[in-house]
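Welcome to this short tour. Please open the model in your viewer and keep the selection tool at hand.

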Amino acid sequence: MFRCKIFFHFGDELSLKTNASKGEAWIDGSGLNVIGAKNKFLIPKADIKNVDMYRFHGLGRVIQVDHQKGRCFLAATRLMIGQFAIVNFFHTGKLYEAILSISNETGK
């Protein structure tokens, strides 16, 4: 089970003005679990349609997870104060590989 501190946003797009939330994510047999200060989310592995990772404005890696109920953006963080986050480049890559391994995708 891989577990890490993250920032996340559930919505259609991510920009510099987006209010992201601080939380924690882990992968287990049921799927991708995301827990924040106020909410807990589970994206079952059967509901994951697409997983992609890209560089957000050249600043750090961000994972985009498309699922049955919408879209989620997340990245592993070293530090997050308010809306300022320092992205953990390597843990984001490791989280991406973990999500990709439980998704229904085979070609990536």
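Start by selecting Thr92, Gly93, Leu95, Tyr96, Ala98, Ile99, Leu100 and Ile102: these are the buried residues of helix H1, where buried means under 20% relative accessible area, exposed over 50% and partly exposed in between, with a 1.4 Å probe and protein chains only. Before going further, please note that this is a predicted model, in which local features need pLDDT of at least 70, side-chain atom pairs count only at pLDDT 80 or more, and totals for chains, interfaces and linings use all residues. Residues are numbered from 1 along each chain as its sequence is written, and side-chain values use heavy atoms, with hydrogens and water left out.

Now show the whole of helix H1, residues 89–102. Its 14 residues reach 21 Å from first C-alpha to last, close to the 20 Å expected at 1.5 Å a residue; the expected span is 1.5 Å times one less than the number of residues. Helices (H or I, at least four residues) and strands (E, at least two) are DSSP runs, numbered from the N terminus.

Stay in helix H1 and pick Ile99. Which residues does Ile99 touch beyond its neighbours within four places in sequence? Look for Ile27, Leu32, Ile48, Val51, Ile63, Val65 and Leu74, with contact meaning heavy atoms within 4.5 Å.

Next, select Asn33 in strand E3, residues 31–36. Asn33 counts as buried, at 6% relative accessibility. Its side chain is joined to that of Asp28 by a polar contact of 3.1 Å. A polar contact is a pair of N or O atoms within 3.5 Å; within protein, one must be able to donate a hydrogen and the other to accept it, and residues adjacent in sequence count only if both atoms are side-chain atoms. Leaving aside neighbours within four places in sequence, Asn33 is in contact with Glu24, Ala25, Trp26, Asp28, Phe41 and Leu42.

From that list, move on to Glu24. How many salt bridges does the structure hold? There are 2, a salt bridge being a side-chain nitrogen of Lys or Arg within 4 Å of a carboxyl oxygen of Asp or Glu. One joins the side chains of Glu24 and Arg3 at 2.7 Å, N to O. Glu24 lies in strand E2 (residues 21–28) and Arg3 in strand E1 (residues 3–10), so the pair ties together parts that are 21 residues apart in sequence. Glu24 is partly exposed at 28%, and Arg3 is partly exposed at 41%.

For another salt bridge, select Asp66 and Arg71, whose side chains meet at 2.5 Å, N to O.

Last, turn to the largest pocket, with a volume of about 330 Å³. Of its 15 lining residues, Phe7, Leu16, Phe56, Gln83 and Ala85 lie nearest its centre. Strands E6 (60–67) and E8 (84–87) each give two or more residues to the lining, and E8 provides the largest share, 3 residues. On a 1 Å grid over the protein atoms alone, a pocket is an open set of points with protein on both sides within 12 Å along at least five of seven lines, and lining residues have an atom within 4 Å of a point.

How values were computed: On a 1 Å grid over the protein atoms alone, a cavity is a set of points where a 1.4 Å probe fits but cannot get out, and a pocket is an open set with protein on both sides within 12 Å along at least five of seven lines; lining residues have an atom within 4 Å of a point. Grid points are joined across faces, edges and corners, and a volume is the space filled by probe spheres set on the points.
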